[in-house]
Amino acid sequence: MEKLQVGLIATGGRGVHGFEMHRPEKGVEIVAGCDISQKALDNFKEKFPEAQTFTDYRDLLKIDSIGAVHIATPDYLHEEMAIAALEAGKAVYLEKPMAITIEGCDRILETAYRTGSKLFIGHNMRHFPVVLKMKEIIDSGIIGELQVGWCRHFVCYGGDAYFRDWHSEQRYSNGLLLQKGAHDIDVMHWLMGSYTKSVVGMGMLSVYNRCGRRSPDTPGCAKWDNRQYPPLTQTGFSPIIDVEDHSMVMMQLENGAQMTYMQCHYTPDSERNYTFIGTKGRVDNIGDSGNCEVHVWTQRGPRSTPDIIYKLKPVEGGHGGADTPIIDNFLDFVRFGAKTNTSPIAARQSVAAGVLGHYSMRNGNNRQDVPALRPELVAYFENNQVK
Ligand SMILES: NC(=O)c1ccc[n+]([C@@H]2O[C@H](COP(=O)([O-])OP(=O)(O)OC[C@H]3O[C@@H](n4cnc5c(N)ncnc54)[C@H](O)[C@@H]3O)[C@@H](O)[C@H]2O)c1
């Protein structure tokens, strides 16, 4: 079995997820890490004392023996770093969202196509048990032909995680519809079997602009704490906040179905609540990880008495148990050409819906159409990146 050496670009924050790639018993070894934070590098070095460390990712990419990199830097760096890694011949695990512009995504796709370096986007929700259960139900045909998808996304930790650091500025994240919603739009595209053709959006910065700010010379830092509620009591927010704290987008899909996504960052509770309605029934999730349920209605009757209830048990591991399977899937793809649940084309299409939803909400709420991709690109990625 061929050995694989891995480098991590970002060893702090979500970069820690990359630590899971270290599987020496299976021939996969982390040999290098890069971060601009000394604390993140120290933590990495403690776990991987033999590994080399860098503060400039380009130095890590110069190591010829590295076959794959895990990129988990802030969103605005994805395009530059992914392209450089693909050009250097590395297989790339790139965190979502793929990039903060549609053009940026297309440049990444074109580079992967031209170089033949493998590209994989970290849409771990495609490994969430509750998402997989809903997909299985929809694919069984029991609720008929899907026409409608809705997602209500309640984010109680919005003020903890997204208004204190780079996430709060359009130049770094574009906006939170894209930052967070890229996951959900991708899930809905996957389950509804089609991509967004056009999108209309509305959104506002309605609450967090009224909270206390940190001074510009204090570094931004997320601060997770359940006591930070209600929202207007919070302080320490970014000096610049130009992203929305709630947003609503409506999308028409290429197959004629329609969907909507609503996101609010100051709810007391958290859940991604999806509903899919077909010509023969409806499916809904109650909870999105841990002990959660999937309800199915196939006959007329009250909402309180679904026809089928699936009770899902908690699965160990990050993000409802999705974080380990997605690493397995990436490594099997790179080493053995395995099929992937995620798709770079789908990742681009979720960015496109998010970017254009933001554009619409900031420019008169007009309909925006998603630009088409080159058919050769689509065919290449649909063929599991084999020419
Ligand atoms: N799939 C998921 O479930 C999931 C969850 C969380 C975050 N993410 C994604 O991971 C990415 C990072 O998010 P985060 O919340 O960890 O952000 P963060 O700011 O907490 O951490 C980012 C890390 O990147 C490092 N970094 C920043 N600039 C760098 C540079 N030029 N070179 C090397 N390292 C650099 C930082 O020091 C930090 O360690 C984002 O794209 C986000 O969307 C995905």
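A residue counts as buried here if 20 or more other C-beta atoms lie within 10 Å of its own, the C-beta atoms being placed from the backbone. By that rule, five of the six residues of strand β1 (residues 4-9) are buried, and the strand is mostly covered. The model described here is a predicted one.

**Strand β1 and its partners**

β1 pairs with strand β2 (residues 28-34) in the parallel sense, over six bridges. Leucine 4 has valine 28 in β2 as its bridge partner. β1 also pairs with strand β4 (residues 66-71), again in the parallel sense, over five bridges. In that pairing, glycine 7 stands opposite valine 69 of β4.

**The ligand shell**

Which residues are closest to the ligand? They are Ala10, Gly12, Gly13, Arg14 and Ser37, out of 23 residues that surround the ligand. Sorted by class, the shell holds nine nonpolar, eight polar and six charged residues.

**Helix α4**

Helix α4 covers residues 102-115; at 1.5 Å a residue its 14 residues should span 20 Å, and its end C-alpha atoms are 20 Å apart, so the two values agree. The buried residues in α4 are Ile102, Gly104, Cys105, Asp106, Ile108, Leu109, Ala112 and Tyr113. An α-helix has 3.6 residues a turn, so residues three or four places apart point the same way. The buried residues of α4 pack against α3 (78-87), β6 (119-121), α11 and α12 (375-382). After α4 comes glycine 116, with a positive phi near 80 degrees.

**The nine-stranded sheet**

An open sheet with mixed pairing is formed by nine strands, in the order β14-β13-β12-β11-β7-β10-β9-β8-β15. Its edge strands, β14 (308-312) and β15 (368-369), each pair on one side only. Within the sheet, strand β11 (residues 271-278) and strand β12 (residues 282-286) pair in the antiparallel sense over three bridges. Phenylalanine 276 stands opposite valine 283 in β12.

How values were computed:
Residues are numbered from 1 along each chain as its sequence is written. This is a predicted model: local features need pLDDT of at least 70, side-chain atom pairs count only at pLDDT 80 or more; totals for chains, interfaces and linings use all residues. A residue is near a molecule or strand if its C-beta atom, placed from the backbone, lies within 6 Å of it. Ala, Val, Leu, Ile, Met, Phe, Trp, Tyr, Cys and Pro count as nonpolar, Asp, Glu, Lys and Arg as charged, and the others, Gly among them, as polar. Two strands pair if DSSP finds at least two bridges between them. Helices (H or I, at least four residues) and strands (E, at least two) are DSSP runs, numbered from the N terminus. A residue is buried if 20 or more other C-beta atoms lie within 10 Å of its own, exposed if 12 or fewer, and partly exposed in between; C-beta atoms are placed from the backbone. The expected span of a helix is 1.5 Å times one less than its number of residues. Two residues are in contact if their C-beta atoms, placed from the backbone, lie within 7 Å.
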